[in-house]
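Please read the numbered points with the sequence and structure at hand.

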Amino acid sequence: MTYKNLTIMSPVDSLSKKAGYDQLYGWFVYHEGIADKIPTIVYFHENDYFPPARLYMIEKLYKNPQKYNVVMVDYRGYGYSQGKPSEDGLYSDCRAIMDFVLRMQEIDQKQVYIFGASLGGVMATYSALHYQDHVNALILQNTIASVRSIINDKAPILDPIVPLVLKLKMRSDERIKEIHLPIMFIVGLNDTSTGPHQMEIMYNSAVNAKERDLYNIPGCDHYLTWYYGGKEFDTRLTDFISRNNPEAFGLYKVAQEVGKSFSTFGLSVKDW
């Protein structure tokens, strides 16, 4: 994979005693020679910092038959990025990352997509809400609806005292109601970390989405959707991105019709 390192400056959060910026580190993984002609996925990663698992997902997106660029940046306090995580700080990072991406001259600004996995789904939902006039679609994978919601799923007996002691809110279930973009929901049905119920809440809350594409993966855990989904993962993701890509929509429709014609004769497009 061809890549280059990124450095992004993100303002410190409002609760910090210091002024200034935290330095975030990330990567732009791109296809040399065609980076400005293909979709770019801004990938907001999970909470657990396990680089190999994250690398496999980036590789999966990069090597998709349709070819995608990928931007991934570590939030403050993750990896080599400076600062300490906080809810306000993470949202500040979202704005810094999206502002940076939308200034990148190496990519086609008409083909930008947001993908959020687990905790990254909170940041992706926030970013999609505030930048929905500048991106094509939102993809969510095994994320949470809110902190209170997942606590209620795991330990409902604590619900009465949660508002009294909980500082983190992460109300993605409220934010997603105001998003008008097409949204894909990737759900591992054997996810024991956040659980499919959280994604069900998000799906049902996306009342204004242009499209809601629900992709349930049987036997799949919290992280390895690309593994359990296999080729179907590639196909479902490609179909969703292609039909919500104004730059490729015409070609996508033509490909669909060609595929239908070939299937009539027992052939596939690859036989052409």
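1. Terms and basis. A residue is called buried under 20% relative accessible area, exposed over 50%, and partly exposed in between (1.4 Å probe, protein chains only). The model is predicted, and local features need pLDDT of at least 70, side-chain atom pairs count only at pLDDT 80 or more, while totals for chains, interfaces and linings use all residues. Residues are numbered from 1 along each chain as its sequence is written, and side-chain values use heavy atoms, with hydrogens and water left out.

2. Strand E3. Helices (H or I, at least four residues) and strands (E, at least two) are DSSP runs, numbered from the N terminus. Strand E3 (residues 40-44) is largely enclosed by the rest of the structure, because five of its five residues are buried. In a regular strand the side chains alternate between the two faces of the sheet. Both faces of E3 are covered: Thr40, Val42 and Phe44 are buried on one side, and Ile41 and Tyr43 on the other.

3. Neighbours of E3. Two strands are taken to pair if DSSP finds at least two bridges between them. E3 and E4 run parallel and are joined by four bridges; the partner of Val42 in E4 is Val71. E3 and E5 also run parallel, with five bridges between them, and Phe44 has Gly116 as its bridge partner in E5.

4. Salt bridges. A salt bridge here is a side-chain nitrogen of Lys or Arg within 4 Å of a carboxyl oxygen of Asp or Glu. Side chains of opposite charge can pair when their charged atoms come close. How many salt bridges does the structure hold? There are 12.

5. Lys4 and Glu106. The side chains of Lys4 and Glu106 form a salt bridge at 2.5 Å, N to O. This pair links distant parts of the chain, 102 residues apart: Lys4 is in strand E1 (residues 2-11), and Glu106 is in the loop between helix H2 (87-101) and strand E5 (112-117). Lys4 counts as partly exposed because its relative accessibility is 34%. Glu106, with a relative accessible area of 29%, is partly exposed as well.

6. Asp22 and Arg76. These side chains meet in a salt bridge of 3.1 Å, N to O. Asp22 belongs to strand E2 (residues 21-30) and Arg76 to the loop between strand E4 (69-73) and H2, so the pair ties together parts 54 residues apart in sequence. Are Asp22 and Arg76 buried or exposed? Both are buried.

7. Arg243 and Asp213. A further salt bridge joins the side chains of Arg243 and Asp213 (2.7 Å, N to O). Arg243 lies in helix H8 (residues 225-243) and Asp213 in strand E8 (residues 211-217), so parts 30 residues apart in sequence are tied together. Arg243 is partly exposed, with a relative accessible area of 26%, whereas Asp213 counts as buried at 9% relative accessibility.

8. Helix H8. H8 has a kink of about 85 degrees centred on Lys231, where the bend at a residue is the angle between axes fitted to the seven residues ending there and the seven starting there. Its end C-alpha atoms span only 21 Å, while a straight helix of 19 residues would span 27 Å at 1.5 Å a residue; the expected span is 1.5 Å times one less than the number of residues. Among the buried residues of H8 are Trp226, Phe233, Leu237 and Phe240.
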